[in-house]
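Q: I have just opened this one and would like to be walked through it. Could we take it piece by piece?
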Amino acid sequence: MSADPPELVDLGCPVKLGEYARDVWARRDYLLTVPRREARGRNADFLLGQLWLIINPALMITVYFVVFGVIIQSNRGSADFLSRLVVGVLFFRTTQTVIQASTSSIERNRGLIRSIQFPRALLPLGIVVGQMYSFLPSLIVMFAVVSFGGVEPMWQWLLLPAILLAHFLLNAGLSLVAARAGFAFNDLGPLLTHLFRVLMYGSGVIFPIEDYIESERVLNYLAINPIYAIIGVTRWVVIGSDLRSAQVWSMVIWCLLVVPIGFGLFLGAERRYGE
Amino acid sequence: MIPEPTVIVEDLSITYRLRLDRSSSPVRNLLTSGRFRDVVEVQALRNVSVQFNRGETIGIVGSNGSGKSTLMQAISGLSPIDQGRIRVSSQPTLLGVGAALRPALSGRQNIEIGCLVLGMRDEEVAEITDSIIDFAGIRSAIDRPMRTYSSGMRARLTFAIATSRVPEILLLDEALAVGDRGFRKRSEERMQAVRASAGTVLLVSHSSSVLQTCDRILWLEQGEVRLFGDSGETLNAYEDYADASND
């Protein structure tokens, strides 16, 4: 059969990373449109409609503030506590939602996977993009709370787009890893709920880790946690909190590596997701 | 003229592993790392080697469970291959786009979703939407949610979206059984278009009148190629066989 025309493609051969990335890029219009429609559709039946995109984060912050700031540690019910809280909670929750939804993204879309050929990475990445549509409006809430807390506009605010890009890359890479891991191990979903509870304290979302741990070395090791790193950098950008250089380095390295690693892992099972 | 292949299937075997039951004991599941207790292997295809060429319409026949749909799935690249090799000239189109459509959204929004998932850009979708609506013949219902459609309307819309870009390799599984006379005629025209643009149509059907229009017929039985050749002859042989096994 060596005389075959060269243009035939072998359906069984492994997909190459470069071709795959091009394939995903070619469907960017799908990624931009379909998750947005879904996000809109979720609020369409409510009386207050898309206003929920603002009300939801506002209520969430209020509850966290009352529980952790006022009831549990009334001495911390300060404006600074509230500002740190809003940044931490919004960024942490977004990553958590993305990762948890991604672990079951293959399972939930089995019918689609068995019916049409498309790069399967669109499924977890669609979750990341869809989450962006509810995350971006919540930034209005964030700036409202921060300004209410007395933070004046600072030059660092100009770095916000870079932070959002970093956060997006981190979520995208982690969603690919989570989708692949959830495909290999079904029970990951319920386990993650508990892992995230630990991670929330380990990332200083509510109470600053620095209050409990004094060792500089330990704190630097903890910065390996990408969520702790990005929340730290974001707090510096938005409210001018103290920043450790380990957090900046950790965030940059994660952002550079996590997407290629995510794609590489996810691709390993590309042809098996329909099983 | 030397036939130019669009699909070459070489020594293809596919085995389904059906899992009957997972052990109810979590300890046991962990010890066997989640493997299933009873696995039944069903050989859906064995050592199938066929070649389809440009400009051909191929009918695929066989009893239920003979491997027709498995072969279509494998050629579309959707199911993993155990053994053998499949090469294609471009990504074959199966009418699977229906799985991407959302019953709660309107026909128009679904056209957009369907086209995007098939890999079109926004501009292309905008250009092609009207012709899809007309082809499916559902202009008056296009802004209604798809869950209000009759099953015929849904099938027409799915067919119209899936074939809106004339594919090089079109895989149809009983698709022509749906829709009224007018739509059937339009679908046949579209198949002609695939053939005319030097593509290949693979058609799983039970209807003799549809099968008679095919250039060649592939007859599968128990996962193996029973006969592959001239449509009249193969069809007669298959129908004799089917009648005999029904008596």
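Q: Let's start with strand 8 and strand 9 of chain B: in which sense do they pair, and over how many bridges?
A: This is a predicted model, and in it strand 8 (residues 216-221) and strand 9 (residues 224-230) of chain B pair in the antiparallel sense over six bridges. Within that pairing, B:Trp219 has B:Leu227 in strand 9 as its bridge partner.

Q: And what sits between strand 8 and strand 9 of chain B?
A: The two strands form a hairpin with two residues between them. B:Gln222, found in the loop between strand 8 and strand 9 of chain B, has a positive phi of about 50 degrees although it is not a glycine.

Q: Is B:Gln222 buried, exposed or partly exposed?
A: B:Gln222 counts as partly exposed, because 14 C-beta neighbours lie inside 10 Å.

Q: How do strand 6 and strand 7 of chain B pair?
A: Strand 6 (residues 169-173) and strand 7 (residues 200-204) of chain B pair in the parallel sense over five bridges, and B:Asp173 stands opposite B:Val204 in strand 7.

Q: Stepping back a bit, how many helices and strands does chain B have?
A: Chain B has eight helices and nine strands, and 40% of its 247 residues count as buried. The domain assignment of chain B gives domain 1 (5-93 + 205-246) and domain 2 (97-162), with 29 Å between the centres of the two, taken over C-alpha atoms.

Q: What about the largest nonpolar core, how many residues does it have?
A: It has 123 residues, and those with the most contacts inside it include A:Val86, A:Ile230, B:Ile60 and B:Leu203. The largest share of this core, 11 residues, comes from helix 4 (residues 79-103) of chain A. Domain 1 and domain 2 of chain B both give residues to this core, so it lies between them.

Q: You mentioned B:Leu203; what does it touch?
A: Not counting residues up to four places away in sequence, B:Leu203 touches several residues, among them B:Ile58, B:Ile60, B:Leu172 and B:Cys214.

Q: Helix 4 of chain A came up too. Is A:Val87 in that helix buried or exposed?
A: A:Val87, which has its place in helix 4 of chain A, counts as buried because it has 23 C-beta neighbours inside 10 Å. Leaving aside neighbours within four places in sequence, A:Val87 is in contact with residues including A:Met142, A:Ile231 and A:Val238.

Q: Last topic: how many residues of chain B are in contact with chain A?
A: 28 residues of chain B are in contact with 27 residues of chain A. On the side of chain B that touches chain A, the elements that give two or more residues are strand 4 (83-88) and helix 3 (107-117) of chain B, and the largest share, five residues, comes from helix 3. The residues of that side divide into 13 nonpolar, nine polar and six charged.

Q: And which strands of the two chains are joined by bridges?
A: Two bridges join strand 1 (residues 9-10) of chain A to strand 4 of chain B, and these strands run antiparallel. There, A:Val9 has B:Val88 in strand 4 of chain B as its bridge partner.

Note on methods
Residues numbered from 1 in each chain as written. Chains lettered and ligands numbered in written order. Predicted model: local features only at pLDDT ≥ 70, side-chain atom pairs only at ≥ 80, totals over all residues. Core = buried A, V, L, I, M, F, W, Y, C linked by C-beta atoms within 7 Å. Buried ≥ 20, exposed ≤ 12 C-beta atoms within 10 Å, placed from the backbone. Helix = DSSP H or I, 4+ residues; strand = E, 2+ residues; numbered from the N terminus. Domains from an automatic or database assignment. Contact = placed C-beta atoms within 7 Å. Nonpolar A, V, L, I, M, F, W, Y, C, P; charged D, E, K, R; others polar. Pairing = 2+ DSSP bridges.
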